[in-house]
Amino acid sequence: MLASFEGVGKSFGDTVALEGLSFGVPEGSVCGLLGPNGSGKTTAIRLLLGLTRPDAGSTSLLGSRSGGRSFAGAIRQTGALVEGPSLYSRASARQNMRIQAAALRLRRPEAEIDGLLRLVGLEERAATRAGGFSMGMKQRLGLAIALLGSPRLVILDEPTNGLDPSGIVEIRDLISKLPERGMTVLVSSHLLSEVELMCDRVTIINRGRLVADGRLSEVVGSSGDGARYSVTVSEHEVSAAVGCLVSLGLVAEPMGRGLISVSGPVTDGSQLSCVLAAEGIYVSGLSQNKPDLESVFLSLTEGGTS
Amino acid sequence: MPTPRWCLIAVGVCALVGMAVVWRWGLGSDLVAFDVAIGFPLAIASIAFGAWVFGVEYGQNTLRRTLTADPRRLRLFVTKLTVALTLVALATVVIYLVALPLYGIAADRHGEAVAINDYRDLVLGSLISNLVYVIVGGALVLITGSMAGGVTAALIFLFVVDTVLGVVPKAGDYSLGVALTDILIAIRPTGDGLFAGSGHSTPEAVAILAAWLVGLAGLGWLRLWRSDVK
């Protein structure tokens with residue numbers, strides 16, 4: 001694991017931000033960290049980066065315990081964009097990157113700076129003061145700074161904030177390709193569809209506690225609902241079809257206009273068609289409704305909004 | 001907030017105004033023109049510069065970026081302190097070195113000359129004062145966790161709290177300002193200080209001053225070390 005939490009607890013006064021949080025980020029993955037507002041996502045990221053200290057448990061980064069002797073070395077191999085870009089407003093985009101390169105003690109960073117500015121689409125604004133940038137441009141620059149020095153782990157907190165739709169797509173594609181550059185990514189986002197498209201793992205926390213963690217397909221598949229099917233028959237055959245399906249131990253619910261929602265232990269949707277055909281009921285439509293990350297998120301967080 | 005550039009410009013303007021005054025009316029006694037035109041502006045600039053060096057991360061909200069590049073907070077504190085002290089010492093010496101011949105030319109119109117030994121003592125006193133002010137400005141920024149708050153707190157501390165403390169019988173002898181005055185009097189007996197001095201020996205005054213600086217800087221460091229970075 002490149003990053004891990006073990007029984008981490010953190011409170012701010014009477015407010016419990018995190019409680020017994022344990023999960024890890026495997027090397028080579030793009031891990032999405034999800035949770036409603038105030039669930040503790042940013043606190044978890046700040047703990048991981050040593051910006052704040054846990055009240056209980058521990059975090060580790062690249063095998064180094066936060067605050068330990070080797071932590072400085074680990075954090076130099078970690079790029080981070082936390083709570084929006086942190087920029088020197090009077091310095092240009094290039095100067096901001098040079099400052100970071102100096103802090104990371106990179107030798108001859110100019111080629112890498114040029115490459116990253118090009119990657120995030122800021123090569124023509126390299127000499128512009130960061131204070132004059134739009135929110136989206138600041139976010140792009142923050143991302144370029146996080147990628148400086150080719151870190152092994154990249155931690156991004158809401159990286160698509162302030163970006164226009166095309167910018168979101170560009171950044172999403174960029175993030176999903178980071179493992180090809182040997183980088184592991186932990187990304188928190190409130191855009192569930194974006195997480196679903198760019199992450200292969202997902203960790204969901206709610207009220208400071210872990211509620212789901214694993215590969216995206218596992219988390220979505222473990223929602224407990226199983227597969228749902230929509231079956232369409234003639235309106236006058238609905239009651240007969242429902243009776244047939246219920247007699248097989250399935251849950252069948254008429255939805256109107258000949259549509260029946262079916263759930264239960266069905267391994268192949270064609271079984272439904274065969275069963276109903278055997279009863280002389282013609283199936284004019286059959287589709288499988290797979291659970292998506294949004295429905296899983298909402299069920300796990302009791303309808304909380306991210 | 002005043003940036004280093006504006007601090008330098010303000011000190012330069014004050015020094016030029018002082019030179020114009022010397023050109024028109026002469027140097028006066030006890031090098032007071034240097035104290036007023038260069039010494040006082042440099043002292044204020046030192047407070048502002050100390051606050052800026054330690055507070056730029058708070059002002060621009062870049063502390064988390066700095067600490068995610070290198071999380072060693074003690075290293076950050078020591079580096080900032082070293083840079084602030086070095087630059088203020090250099091600026092103080094260079095500005096006084098540049099001012100000496102220029103003010104000398106202006107004073108020569110009135111048949112006056114700058115006494116080199118007195119001038120050396122004045123520069124040494126100003127240097128020590130400015131180093132103290134840098135530490136106070138920086139420490140109060142760290143204690144308040146804000147650049148604007150730190151500058152305000154430093155000015156209030158040095159010009160109100162410490163001044164009031166300095167006039168308290170007996171206890172006032174242990175104030176930062178009185179201890180600094182004791183040291184300045186030892187260096188430059190003819191100088192005009194804000195305080196009368198306590199009569200402490202120079203080693204005692206140095207110890208009192210050091211205790212104040214270590215205390216303030218220590219509190220600032222503790223705040224930086226323990227605080228959650230947002």
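# Salt bridges, a nonpolar patch and a helix crossing

Glu170(A) has a relative accessible area of 41%, so Glu170(A) is partly exposed; buried means under 20% relative accessible area, exposed over 50%, and partly exposed in between, with a 1.4 Å probe and protein chains only. This is a predicted model, in which local features need pLDDT of at least 70 and side-chain atom pairs count only at pLDDT 80 or more, while totals for chains, interfaces and linings use all residues. Residues are numbered from 1 along each chain as its sequence is written, chains are lettered from A and ligands numbered from 1 in the order in which they are written, and side-chain values use heavy atoms, with hydrogens and water left out.

**Salt bridges**

Glu170(A) takes part in a salt bridge with Arg140(A). The term denotes a side-chain nitrogen of Lys or Arg within 4 Å of a carboxyl oxygen of Asp or Glu. Because Glu170(A) belongs to helix α6 (residues 165–177) of chain A and Arg140(A) to helix α5 (residues 135–147) of chain A, the pair ties together parts that are 30 residues apart in sequence. Helices (H or I, at least four residues) and strands (E, at least two) are DSSP runs, numbered from the N terminus.

Over all chains, the whole structure holds 16 salt bridges. Three of them are listed here.

| Salt bridge | N to O distance |
|---|---|
| Glu170(A) and Arg140(A) | 3.2 Å |
| Arg76(A) and Asp70(B) | 3.8 Å |
| Arg105(A) and Asp70(B) | 4.0 Å |

The salt bridge of Arg76(A) with Asp70(B) crosses between chains: Arg76(A) is in helix α2 (residues 71–76) of chain A, and Asp70(B) is in the loop between α3 (63–69) and α4 of chain B. The salt bridge of Arg105(A) with Asp70(B) also crosses between chains, starting from the loop between α3 (93–103) and α4 (110–119) of chain A. Asp70(B) is buried, at 11% relative accessibility. Arg76(A) is partly exposed at 26%, and Arg105(A) is partly exposed at 45%. A network of salt bridges links Arg76(A), Arg105(A), Asp70(B), Arg72(B) and Arg75(B).

**The nonpolar patch of chain B**

Trp23(B), Val83(B), Leu87(B), Leu90(B), Val94(B), Val98(B), Leu102(B) and Ile105(B) make a nonpolar surface patch of about 720 Å². Patches consist of residues with over 30% relative accessible area and no salt bridge; like charges are joined within 9 Å, and nonpolar side chains (Val, Leu, Ile, Met, Phe, Trp, Tyr) within 5 Å. Helix α4 (residues 73–108) of chain B gives the most to this patch, with 7 residues. Leu102(B) is located in that helix and is partly exposed, at 39% relative accessibility.

**A helix crossing in chain A**

Two packed helices are described by the angle between their axes and the distance between the axes. In chain A, the axes of helix α9 (residues 238–247) and helix α10 (residues 270–278) come within 10 Å and cross at roughly 120 degrees. Axes are lines fitted to C-alpha atoms, for helices over the stretch in contact, and angles run from 0 to 180 degrees between N-to-C directions. Ala241(A), Cys244(A) and Leu245(A) of α9(A) make the contact with Leu272(A), Val275(A) and Leu276(A) of α10(A), where contact means heavy atoms within 4.5 Å.

**Ser287(A) and its surroundings**

Ser287(A) lies in strand β14 (residues 285–289) of chain A and is partly exposed, at 35% relative accessibility. Beyond its neighbours within four places in sequence, Ser287(A) is in contact with Arg228(A), Tyr229(A) and Ser230(A).

Methods:
Accessible areas come from the Shrake-Rupley method with a 1.4 Å probe; for residues, only the protein chains shown count as cover.
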